[in-house]
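Hi,

Here is the model I said I would pass on. Could you open it next to this email and follow along?

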Amino acid sequence: MFDALDDLLWAYQDLFYGLGVNAILGLSMYAVLALGQLSLGQAAFMGIGAYVGAVVTLKLGAPFILTLLAAAVVPALAAILIGRPTLRLTGVYLAIATIGLGEVLRIVYLNTAPLGGALGLSGIPNKANGWIIYGLLALFLGVSLSIVRSRIGRSMEAIREDEDAARVMGIDVDSYKLNGLVLSAALAGLAGALNAHYSSFISPNEYGFEAAVSILSFAVLGGVTTPLGAVSGAFLLTLLPEVLRPLHDLRGIFNGLIIVLVVIFLPKGILGFRVRRTG
Amino acid sequence: MSNPVLEALALHKAFRGLVAVDEVSFSVREGTVHALIGPNGAGKTTLFNLVSGLLPVSAGSLRFLGQDITGLAAHARARRGIGRTFQNIRIFASMTVLENVMTGMSRRLRQPWPLVLLRGGAAGREEATAKQRAHHLLDLVGISEQADRPAADLAYGDQRRLEIARALAGEPQLLLLDEPAAGMNPTETAGLMALLQKLRTDGLTILLVEHDMGFVMELSDQITVLNFGRVICEGQPEAVQHDPAVVEAYLGPKVAQRLLAAKAVKNPQACP
């Protein structure tokens, strides 16, 4: 019985790990969307985490815990740099600025020889495992749920609903937005490093516009009323291509169709219920 | 004479070429209800936005409790003790009524976030006290039975009362009310009047914009009249309502002259 389970896990190991990593990316997106911001920089932050993590492991031979720490801290610092000037931008403008970040980084990776250029980095040791990935996911999900139910969650929802009204309640809207972006960058960076340490190979094109949109769609499908939404959205959209394998090239269309239908018929996402915002 | 809570000194706000607030000075004394009145477009709401910090001033200065607040951001002013409501109701529609009020307490909830996330001990007690106070405030404005309903479902007058409860939740020293009686029926207006009188008795200072003149005249201690962004008159209610400049601003020069001729306006030139 356990042998059978082992076989199953082995056959579907990448999918199993991918589900957890994508769920962390969903939470990362949630941290931004829950404040009413639209960032398309999550893939870029994920890329920074993946490259930093890979370099720390490959070139410095550091223990995995340090790798993960660096993969969270460096994207967070990048978020501070890009967040200070761009968080004044709202709506599509922030989205465009963050797309820019992703494109700039992609070209930097492509043209930096020590980072492998277009070939990327390979031979990254498989240090991530189910315990680490799902342990971190459980931790982040628990903290997120605790946040939304506290006064911090109330402030976040207030900012999403009406920034000016939130300001006159004494809520420091700008620092909430910056903290949200920094936190989301750290989560995306961790997800990137975890991904690099089970797929053993990373390349510049994995963190482009397409990845940014698919991370966004995790949270859009799940809805921004509860972090559980982002996690379920990530699970669904990661599993779907596997289930739809017989459709071959039509799979991408199916994914897009689902997002369109959700936006039209379930604007609050598949998990549109609200968590109480009182402790 | 009590101390001024708020002093505006030559406040000026221009939107490109349009001067919305022009060299406006006034001061609001502690424990009074001070009304800002004037025809539509006189600059009352812009003035509110300048005082609450949602708009930066073009020139002039603001002092609150003796300290300069001209350069402070809106949230910092709220933390110093300036609360406000909005003319076009801006409750948080997706939240419950109770959560709206608790959000208004943001500046009063001080427990550090790690404790808040663990929700135990002092943070848990703080949240429990906040909930209790929120219920009490809903009681005060008379909508406590609606505490757990989504705020969007409230009737219009109740949404106005919720906005007042939410603003009071921050325990402000100065409360800015932008047309609190708009859209209320006479019974609701009377209830609001009683509430504001009680708040004043409790020591709250109120700066009020309102178009219901009966309401303004009965409630206010001091009235500043604006027209085209300028102060055209300031004084106590009896003086202001008989000032020819005020009558003219509201009714136009023709009617004003007829009223003056018929001696319907008593004591002209009441306003210096």
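Let's start where the two chains meet: the contact takes 24 residues from chain A and 29 residues from chain B. Bear in mind throughout that this is a predicted model. On the chain A side, α6 (130-148), α7 (151-161) and α8 (163-168) each supply at least two of the residues that touch chain B. The largest share comes from α7(A), with 7 residues. By type, the residues on that side of chain A divide into 9 nonpolar, 6 polar and 9 charged.

α7(A) deserves a look of its own. Of its 11 residues, 9 are buried, so the helix is largely enclosed by the rest of the structure. The buried ones are A:Arg151, A:Ile152, A:Gly153, A:Arg154, A:Ser155, A:Met156, A:Glu157, A:Ala158 and A:Ile159. What do the buried residues of α7(A) pack against? From chain A there are α6, α8 and α9 (173-199), and from chain B there are α3 (97-104) and α4 (113-118).

Now for chain B as a whole. Its secondary structure comes to 11 helices and 10 strands. With a radius of gyration of 20 Å, close to the 19 Å that the globule rule gives for 272 residues, chain B is as compact as a globular protein of that length. The C-alpha trace of chain B spans about 70 × 40 × 40 Å along its principal axes. Buried residues make up 43% of the 272 in chain B. If you take the chain B contacts between residues at least 6 apart in sequence, 66% of them join residues at least 24 apart.

Strand β1 (residues 4-15) runs antiparallel to strand β4 (residues 59-64), and 5 bridges join the two. To find your place there, look for B:Leu9, which stands opposite B:Ser61 in β4(B). β4(B) is also joined by 2 bridges to strand β5 (residues 67-68) of chain B, again antiparallel. In that pairing, B:Arg63 has B:Asp68 of β5(B) as its bridge partner. β4(B) and β5(B) form a hairpin with 2 residues between them, and B:Leu65 in the turn has a positive phi of about 50 degrees.

Further along chain B, take helix α10 (residues 244-251), where B:Val246, B:Val247 and B:Ala249 are buried. Looking down the axis of α10(B), you will see its buried residues fall within an arc of 160 degrees, so they line one face of the helix. What covers them includes β9 (222-227), β10 (230-235), α9 (237-241) and α11 (253-261) of chain B. After α10(B) comes B:Gly252, with a positive phi near 90 degrees.

B:Glu23 is not a glycine, yet it has a positive phi of about 50 degrees. You will find B:Glu23 in strand β2 (residues 18-29) of chain B. Is B:Glu23 buried or partly exposed? There are 14 other C-beta atoms within 10 Å, so B:Glu23 counts as partly exposed.

The other spot is B:Phe228, also a residue other than glycine, with a positive phi near 50 degrees. B:Phe228 sits in the loop between β9 and β10 of chain B. B:Phe228 is partly exposed, with 14 other C-beta atoms within 10 Å.

Cheers

How values were computed
Residues numbered from 1 in each chain as written. Chains lettered and ligands numbered in written order. Predicted model: local features only at pLDDT ≥ 70, side-chain atom pairs only at ≥ 80, totals over all residues. Helix = DSSP H or I, 4+ residues; strand = E, 2+ residues; numbered from the N terminus. Rg over C-alpha atoms; globule rule 2.2 N^0.38 Å. Buried ≥ 20, exposed ≤ 12 C-beta atoms within 10 Å, placed from the backbone. Contact = placed C-beta atoms within 7 Å. Pairing = 2+ DSSP bridges. Nonpolar A, V, L, I, M, F, W, Y, C, P; charged D, E, K, R; others polar. Arc of directions from axis to C-beta.
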